[in-house]
Amino acid sequence: MRKDFGKKTWMYPLPVLLIGSYDDHNNADVMNAAWGGIYDSDKVVLCLSAGHKTTANIKSRQAFTVSFADAAHVVAADYVGLASANNTPDKMEKSGFHTTKSAHVDAPLIDEMPLTMECRLIKVNEDGNIIGEIVNVSVDESILSEEGTIDLTKFEPIVFDPANAAYVKLGEKVGNAFSDGAALK
């Protein structure tokens, strides 16, 4: 038996994206955004409203970073989504996040976030979505496996559960991509 809920934005999983940018005075800002993802093999898309300080920053500086929130920083990650740099000038200090300028784009890396995509603005499309080119992916070695790849058990990224207004930690491995389905060929 299925139950209909009508129109809902219930896409699963929705990564908790922390978007980093600098304003015109070189102040770092970070916002929480769930509506974003991969746009092409080397591009990301962010659906941010025009009123966000981050949107203005990205347009002005032509760059941004996309970090993936983790379980250890859920409170700070939620806070930067609740507070706006438009009216909370000490937002970054209150969040407890620290930043370092990216060596690749004119945007901040969040020191506490172990996985970050550094992006250059390509365009803002007709719908207002921000399209960026991934210039570099920066990974803290603390979340790498012995083989040098990302280990989700060390990283512990969180996703947004829109139906329950909750953050959920990603869990166990259940299969092998591009491999398990071969058994059905």
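## Aromatic pairs

Phe 160 is partly exposed, its relative accessible area being 25%. The model described here is predicted. Two aromatic pairs are counted in this structure. In one of them, Phe 5 and Trp 10 have ring centres 4.9 Å apart and planes at 55 degrees, so this pair is tilted. Phe 5 has a relative accessible area of 45% and is partly exposed. Trp 10, at 34% relative accessibility, is partly exposed as well.

Phe 160 belongs to a tilted pair with Tyr 167, with 6.2 Å from centre to centre and 55 degrees between the planes. Tyr 167 counts as partly exposed because its relative accessibility is 29%, and partly exposed covers values between the 20% limit for buried and the 50% limit for exposed.

## The three-stranded sheet

Three strands make up an open sheet in the order E1-E11-E12, and their pairing is antiparallel. Strand E1 (14-15) and strand E12 (166-169) are the edge strands. Each has a single partner strand, so one side of each has no neighbour in the sheet.

E1 pairs with strand E11 (residues 158-161) in the antiparallel sense, over two bridges. Within this part of the model, Pro 15 is opposite Val 159 in E11. As a general point, strands of a sheet pair through backbone hydrogen bonds, in either a parallel or an antiparallel way.

## Nonpolar cores

The largest nonpolar core consists of 19 residues. Ile 19, Leu 46, Ile 58, Phe 64 and Val 66 have the most contacts inside this core. Two or more residues come from each of strand E2 (17-22), strand E3 (28-33), strand E5 (43-46), strand E6 (63-68), E9 and strand E10 (130-139). The most is given by E9, which supplies four residues.

Which residues does Ile 19 touch, not counting residues up to four places away in sequence? They are Asp 29, Val 30, Met 31, Ala 33, Leu 46, Thr 54, Ile 58, Phe 64, Thr 65 and Val 66. In soluble globular proteins, nonpolar side chains tend to be buried together.

## Thr 116 in strand E9

Strand E9 (residues 115-124) contains Thr 116. Is Thr 116 buried or exposed? Thr 116 is buried, because its relative accessibility is 2% and the limit for buried is under 20%.

The side chain of Thr 116 makes a polar contact of 2.7 Å with the side chain of Ser 67. With neighbours within four places in sequence left aside, the residues in contact with Thr 116 are Thr 65, Val 66, Ser 67, Leu 109, Asn 136, Val 137 and Ser 138.

## Cysteines

How many disulfides does the structure hold? The number is zero. Cys 47 is in no disulfide, and the nearest cysteine sulfur, that of Cys 119, is 16 Å away. A disulfide would need the two sulfur atoms to lie within 2.5 Å. Cys 119 likewise is in no disulfide, with the sulfur of Cys 47 as its nearest cysteine sulfur.

The accessibility of each cysteine has also been computed. Cys 47 is partly exposed, at 38% relative accessibility, whereas Cys 119 is buried, with a relative accessible area of 0%.

Key:
Residues are numbered from 1 along each chain as its sequence is written. This is a predicted model: local features need pLDDT of at least 70, side-chain atom pairs count only at pLDDT 80 or more; totals for chains, interfaces and linings use all residues. Side-chain values use heavy atoms; hydrogens and water are left out. Buried means under 20% relative accessible area, exposed over 50%, partly exposed in between (1.4 Å probe, protein chains only). A polar contact is a pair of N or O atoms within 3.5 Å; within protein, one must be able to donate a hydrogen and the other to accept it, and residues adjacent in sequence count only if both atoms are side-chain atoms. Contact means heavy atoms within 4.5 Å. Rings of Phe, Tyr and Trp (its six-membered ring) pair if their centres lie within 6.5 Å; planes under 30 degrees apart count as stacked, over 60 as edge-to-face and the rest as tilted. Two strands pair if DSSP finds at least two bridges between them. A nonpolar core is a set of buried Ala, Val, Leu, Ile, Met, Phe, Trp, Tyr and Cys residues joined through side-chain atoms within 4.5 Å.
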